[in-house]
Amino acid sequence: MVDHLTALPLTLIHGDLHPSNVLVCRRPAELRICTVDWERASIAPGPMDLATLTMGWDEDTSDRLVEAYAAAQGGDSTDLLSDLRNTHDLCRLHLCIQWLGWAQDWDPPAEYRQDWLQEALRLIDRLGL
């Protein structure tokens, strides 16, 4: 996992791109999307933000966003999409491990609570690790 993630190109990421940090304004002729709360911004692989955004989403919805991300990157080939799905799962696994390692007395906000160990084990099985 580490070798794959450290080999990816680096970019500016939000670092905490949960849905609660995304504001959507719909006007009749305009859709405006703004990200807020940039205190954890950093340099990392771009798919890390994608993984953070989709944590806890059902697989179909998450996969549709991965497909849209690949298309926005100019990736319409099956191999490129497959690689992005794999990278997305590795980023999600990284986040599970990170969140499992927080201080024992840290209690996440309700919208971030999940069974991170179960999710990590599911991803490990899915990735064949």
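Predicted model: local features only at pLDDT ≥ 70, side-chain atom pairs only at ≥ 80, totals over all residues.
As a bit of background, nonpolar side chains tend to be buried together in soluble globular proteins.

Setting aside neighbours within four places in sequence, Met55 is in contact with Arg92, Leu95, Cys96, Trp99, Gln114, Trp116 and Glu119.

## Helix α2, wrapped up

How many of the eight residues of α2 (residues 47-54) are buried? Eight of the eight are, so the helix is largely enclosed by the rest of the structure. If you want to click through them, they are Pro47, Met48, Asp49, Leu50, Ala51, Thr52, Leu53 and Thr54. What do these buried residues pack against? Their partners are the strands β1 (10-13), β2 (22-27) and β4, plus the helices α3 and α4.

Just after α2 comes Gly56, with a positive phi of about 90°.

## How α2 meets α3

Two packed helices are described by the angle between their axes and the distance between the axes. For α2 and α3, the axes come within 10 Å and cross at roughly 155°. That angle is over 145°, so α2 counts as roughly antiparallel to α3. The crossing is right-handed.

On the α2 side, the residues involved are Pro47, Leu50, Leu53 and Thr54, and they meet Ser62, Leu65, Val66 and Tyr69 of α3. Sorted by class, this contact of α2 with α3 has six nonpolar residues, two polar ones and no charged ones.

## How α3 meets α4

Helix α3 (residues 59-72) also packs on helix α4 (residues 78-100), at an angle of about 125° and with the axes 10 Å apart. That makes α3 oblique to α4. Here α3 passes α4 in a right-handed crossing.

From α3, the contact uses Glu59, Ser62, Asp63, Val66, Glu67, Tyr69 and Ala70, while α4 brings Leu81, Leu84, Arg85, His88 and Arg92. The class count for α3 with α4 is five nonpolar, two polar and five charged residues.

## Two loop residues to check

Asp37 sits in the loop between β3 (30-35) and β4 (42-45). Its phi is positive, about 65°, even though Asp37 is not a glycine. Most residues other than glycine have a negative phi. Is Asp37 buried, partly exposed or exposed? With 34% relative accessibility, Asp37 counts as partly exposed, because buried would need under 20% and exposed over 50%.

Gln114 is in another loop, the one between α4 and α5 (116-127). Gln114 is partly exposed too, with a relative accessible area of 33%. Which residues does Gln114 touch once those up to four places away in sequence are left out? The answer is Met55 and Gly56. Gln114 and Gly56 are 58 residues apart in sequence, yet their C-alpha atoms are 7.3 Å apart in space.

Key:
Residues numbered from 1 in each chain as written. Heavy atoms only, no water. Axes fitted to C-alpha atoms, helices over the stretch in contact; angles between N-to-C directions. Helix = DSSP H or I, 4+ residues; strand = E, 2+ residues; numbered from the N terminus. Parallel < 35°, antiparallel > 145°, perpendicular 65-115°, else oblique. Left-handed = near helix turned anticlockwise from the far one by under 90°. Contact = heavy atoms within 4.5 Å. Nonpolar A, V, L, I, M, F, W, Y, C, P; charged D, E, K, R; others polar. Buried < 20%, exposed > 50% of the residue type's maximum accessible area, 1.4 Å probe, protein only.
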